[in-house]
Amino acid sequence: MAKASKIVEDVTVRFAGDSGDGMQLTGTQFTETTAIVGNDLSTLPDFPAEIRAPAGSLSGVSGFQLHFSSSEIQTPGDSPDVLVAMNPAALKVNLPDLKPGGTIIVNTDSFDDKNLRLAKYNSNPLEDGSLSNYNVIPIPLTQMTMETLKDMELSVKDKEKCKNFFALGLMYWMYNRPIDVTLKWLETKFKNKPEIMEANKKALMAGYNFGETTEIFTTRFEVKAAELPKGKYRNISGNEATALGFVTASLKSGLKLFLGSYPITPASEILHELSKYKEFDVVTFQAEDEIAGISSAIGASFAGALAITTTSGPGFSLKSEALGLALITELPLIVVDVQRGGPSTGLPTKTEQADLLQAFFGRHGEAPLAIIAAKSPADCFYMAIEASRIATKYMTPVVLLTDGYLAMGSEPLRIPDFEELPDISVKFRTDPEGFYPYLRDEKLSRPWAIPGTPGLEHRIGGLEKQNIYGSISYDPDNHEEMVKIRKQKIDNIANDIPELKVDGSDTDELLILSWGSTYGAIKEALRNARKQGYKVAHAHLTYLNPFPRNIKDVLDKYEKVLIPELNTGQLALLIKGRFLKDVIQLNKVKGRPFKVAEIENKIYEVLGGTNGN
Amino acid sequence: METKNLETKPKYTAKDFSSDVDVKWCPGCGDYSILAQVQRTSPDFGELKENIVWVSGIGCSSRFPYYMNTYGFHGIHGRAAAIATGVKLANPKLQVWVATGDGDSLSIGGNHFIHACRKNMDIKIVLFNNKIYGLTKGQYSPTSEKGKITKSSPYGTVDFPFNASKLADAAGATFFARTIDREPKHMQEMLKRAAAHKGLAVVEVYQNCPIFNDGAYAPLTDKTSKEDYVLYLEHGKPLVFGKNKDKGIKLDGLQPVVIDLNDGKHSVDDCWVHDEFDTDPTRGFILARFIDMDHMPTPIGVFRQVHKPTYDEEYWNQVEYVKSKKGAGDYNKLMYSVNTWDVE
Ligand SMILES: Cc1ncc(C[n+]2csc(CCOP(=O)(O)OP(=O)(O)O)c2C)c(N)n1
Ligand code: SF4
């Protein structure tokens with residue numbers, strides 16, 4: 001019997017289970033396949049901070065959310081349409097997010113007394129009527145997987161482990177996706193474990209066929225390919241994109257890439273990723289601590305490499321002193337801060353935008369440097385290149401802010417041609433004639449003169465230097481002049497970056513001003529609000545220091561300015577202080593990104609329904 | 001980056017390595033001697049001037065790079081080894097030296113010091129040990145002896161000192177030598193040996209700070225006493241010291257004992273013969289412990305020199321290996337290494 005196919009525009013699914021259930025893997029596979037089908041997509045993995053929380057416990061729940069669509073989308077979705085819950089704990093933790101009337105696919109086999117107790121359920125939710133507002137599809141996933149694999153010579157444990165692939169197969173059927181991408185992946189992944197490969201393949205196909213034959217499902221859904229700009233695409237996470245952006249910048253500039261870093265969640269993957277690219281002459285130095293990480297990068301920059309250091313909040317704090325050194329020696333250096341929930345160790349696996357003021361002011365002395373921020377996972381690629389361009393052109397440290405949400409989330413990246421990307425050509429000083437270490441060009445940048453160049457031997461360091469000559473100077477007037485020059489140099493970058501663009505018109509009644517990863521949620525909220533007739537404009541800051549030249553003009557055009565941030569108001573403070581502009585704040589500090597609805601509701605609140613319907 | 005062929009190396013003199021910056025240490029500071037010996041021996045370091053980089057942390061001693069007419073980087077307190085590591089890894093053709101104080105490298109920079117030793121980075125660390133914090137005006141340092149009275153320890157320190165030779169040895173340094181500011185010839189020899197060593201080399205220099213810790217090494221430098229307090233280490237030679245070469249050191253199991261070579265019971269043949277290249281670190285460690293023991297002379301010279309692959313060499317070998325397997329990297333390979341799809 002052929003089943004009806006229903007076309008839908010977009011779907012949000014969430015896979016949730018115990019940390020040991022392989023949910024991240026299931027989610028990633030679904031994502032890969034969805035990407036190849038040509039949907040626009042956005043993902044959000046969410047896993048516990050503990051590596052192995054007790055099995056079945058509430059703190060051990062691991063989830064992976066994926067939003068896919070036949071039109072352009074910007075976020076992994078506010079609330080899932082479908083929840084795949086592998087155990088009671090996963091159901092309990094994720095149910096509050098599910099859309100009213102949403103579908104729950106549950107593994108009934110795991111709803112035994114022990115697991116119910118671990119999940120702190122007093123009665124079985126599958127039986128007590130508490131799920132009556134949802135479309136519950138109970139399936140004995142474990143049993144069916146065991147049945148499928150009964151003839152295989154594998155341990156019970158190994159067989160049981162395949163149940164996530166059974167579930168994945170079922171979801172592939174439900175959303176009309178091909179299973180061959182995952183079959184192929186299994187073949188390479190388990191090349192050396194043929195039985196495991198076979199078992200997972202069988203489970204996957206059995207899940208798919210179950211969808212086809214069972215009476216439980218009468219409809220399957222279809223999400224057509226999205227109309228995205230023409231080109232070749234790949235799926236990419238923010239951390240991957242950051243890493244590839246730097247390798248690309250290294251190719252563009254002809255400079256050797258040097259990463260000095262110390263592992264920290266959620267930044268470590270940049271280190272992992274870059275460690276793979278030895279054939280690009282990339283140096284990844286896993287240092288003994290973050291201070292050594294940045295210090296080695298400063299040494300490498302002095303020696304002529306494109307030097308970066310990657311970290312997250314606590315590590316960023318440790319780098320402050322050295323960052324001042326890079327700044328006063330006026331060497332190019334990029335610090336990537338993948339922000340996470342703080343303070344201190346805070347919420348290591350959760351996202352936050354609360355290091356903005358640290359990036360601005362987290363150093364002693366007058367120490368301005370360039371700060372830019374990525375707005376989406378794929379944008380991390382471009383921002384890594386941009387950070388490299390600014391650092392080398394202006395001989396300055398650049399802080400690139402991303403965050404846990406961008407780092408772990410993924411979306412399609414249209415792969416640009418190499419030629420499309422900005423030029424980052426770098427010239428080392430080689431001519432000894434008239435050379436001084438702190439000579440300046442029209443941008444106020446000093447020459448990059450690297451060891452190994454005859455005739456340019458010179459000494460630099462953290463002590464204040466005589467302008468131009470670079471010798472140590474304690475002269476009060478010289479110090480003040482140098483402070484001003486270093487500031488002016490950073491301010492000059494404003495002439496070399498795009499103006500702030502406004503999505504909207506001068507007559508809109510509210511301007512949303514944002515930075516970083518809130519971009520996606522704001523864009524979707526904006527679209528919804530406009531559909532409702534609200535007159536809202538949006539401007540997104542990619543460049544935070546210096547701000548774009550025209551920021552004041554933009555702010556002056558609007559009476560009402562709303563700044564949504566995942567902190568208690570850091571950009572708001574800067575805008576108020578710098579431009580004496582009163583702003584409305586929307587702040588969230590829960591370790592989670594904004595939901596579209598939260599921003600939408602704030603818009604409605606601010607505009608008070610005056611121009612909506 | 002291309003570097004000039006060494007065969008065309010100019011004939012340098014000490015003057016070529018002297019910068020035009022006024023040297024501003026206190027009169028009588030041992031740092032002057034270290035600077036003079038480095039400048040004197042630099043022509044023998046086997047490297048072009050432009051390929052030599054001096055990196056330092058913070059402290060009196062860390063002003064060193066300014067006075068050398070080579071590339072120089074004056075860093076932040078304690079981090080010189082880490083900065084030097086980046087310089088060397090980014091361009092292995094450079095000869096990288098670190099000038100650091102005992103406070104700089106063993107206190108705030110202790111972590112970087114031991115890890116540089118462990119990794120066998122090909123950098124040379126000249127450790128100026130004056131057993132005091134000079135620049136901050138006289139607080140005890142991690143090498144100050146227990147009970148030391150200083151500005152920050154008016155009743156004497158209650159903490160135990162570090163022994164740089166033990167620390168370097170235990171951390172895996174492949175070269176450790178000790179010398180004294182008042183022994184120019186000896187110091188020159190040590191510096192040249194360090195320059196020639198492939199791998200991490202530590203040269204500890206006992207340096208007098210006449211302002212805050214005058215005479216810390218007086219018994220070792222005083223004409224009348226030094227022969228009884230200093231033990232010159234020479235490869236293949238028995239450990240003999242004393243004014244008339246009348247004392248020797250014998251190993252009794254793992255216990256070093258001083259023997260009288262004139263007592264009729266002992267002769268030079270009983271003495272421990274120094275082997276710099278001993279691959280077993282045990283004896284090196286015993287030597288390192290001498291300064292912690294009463295009645296033992298202070299060894300001066302190369303304690304140990306062993307050969308291990310250096311970090312930078314291994315790193316770049318790995319790069320070459322990966323290139324031979326994968327071919328040189330290019331942009332399209334980078335971006336298309338995963339599943340991709342077309343949007344028409
Ligand atoms: C982060 C930091 N902490 C403290 C200081 C202050 N400080 C500068 S040098 C120094 C100690 C120097 O002693 P040592 O390394 O033995 O060098 P010396 O001056 O004796 O040559 C201290 C504590 C500093 N500059 N930076
Ligand atoms: S304080 Fe001591 S170490 Fe520093 S310059 Fe003066 S004498 Fe030398």
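**Reading a helix pair and a ligand site**

Me: Which residues of α4(B) and α5(B) meet?

Reply: F113(B), I114(B), C117(B) and R118(B) of α4(B) meet L167(B), A168(B) and A171(B) of α5(B), contact meaning heavy atoms within 4.5 Å. By class, this contact has six nonpolar, no polar and one charged residues. Ala, Val, Leu, Ile, Met, Phe, Trp, Tyr, Cys and Pro count as nonpolar, Asp, Glu, Lys and Arg as charged, and the others, Gly among them, as polar. This is a predicted model, where local features need pLDDT of at least 70, side-chain atom pairs count only at pLDDT 80 or more, and totals for chains, interfaces and linings use all residues. Residues are numbered from 1 along each chain as written, chains are lettered from A and ligands numbered from 1 in written order, and side-chain values use heavy atoms, without hydrogens and water.

Me: How do I read the packing, and at what angle do α4(B) and α5(B) pack?

Reply: Two packed helices are described by the angle and the distance between their axes. Here α4 (residues 110–119) and α5 (residues 164–171) of chain B pack at about 45°, with axes 8 Å apart. That makes α4(B) oblique to α5(B); roughly parallel is under 35 degrees, roughly antiparallel over 145, roughly perpendicular 65 to 115, and oblique the rest.

Me: What about ligand 1: which residues come nearest?

Reply: A residue is near a molecule if one of its heavy atoms lies within 4 Å of it. Of the 17 residues around ligand 1, C60(B), S61(B), G103(B), D104(B) and G134(B) come nearest. Residues from chains A and B surround ligand 1, so the site is shared between chains.

Technical notes:
Axes fitted to C-alpha atoms, helices over the stretch in contact; angles between N-to-C directions. Helix = DSSP H or I, 4+ residues; strand = E, 2+ residues; numbered from the N terminus.
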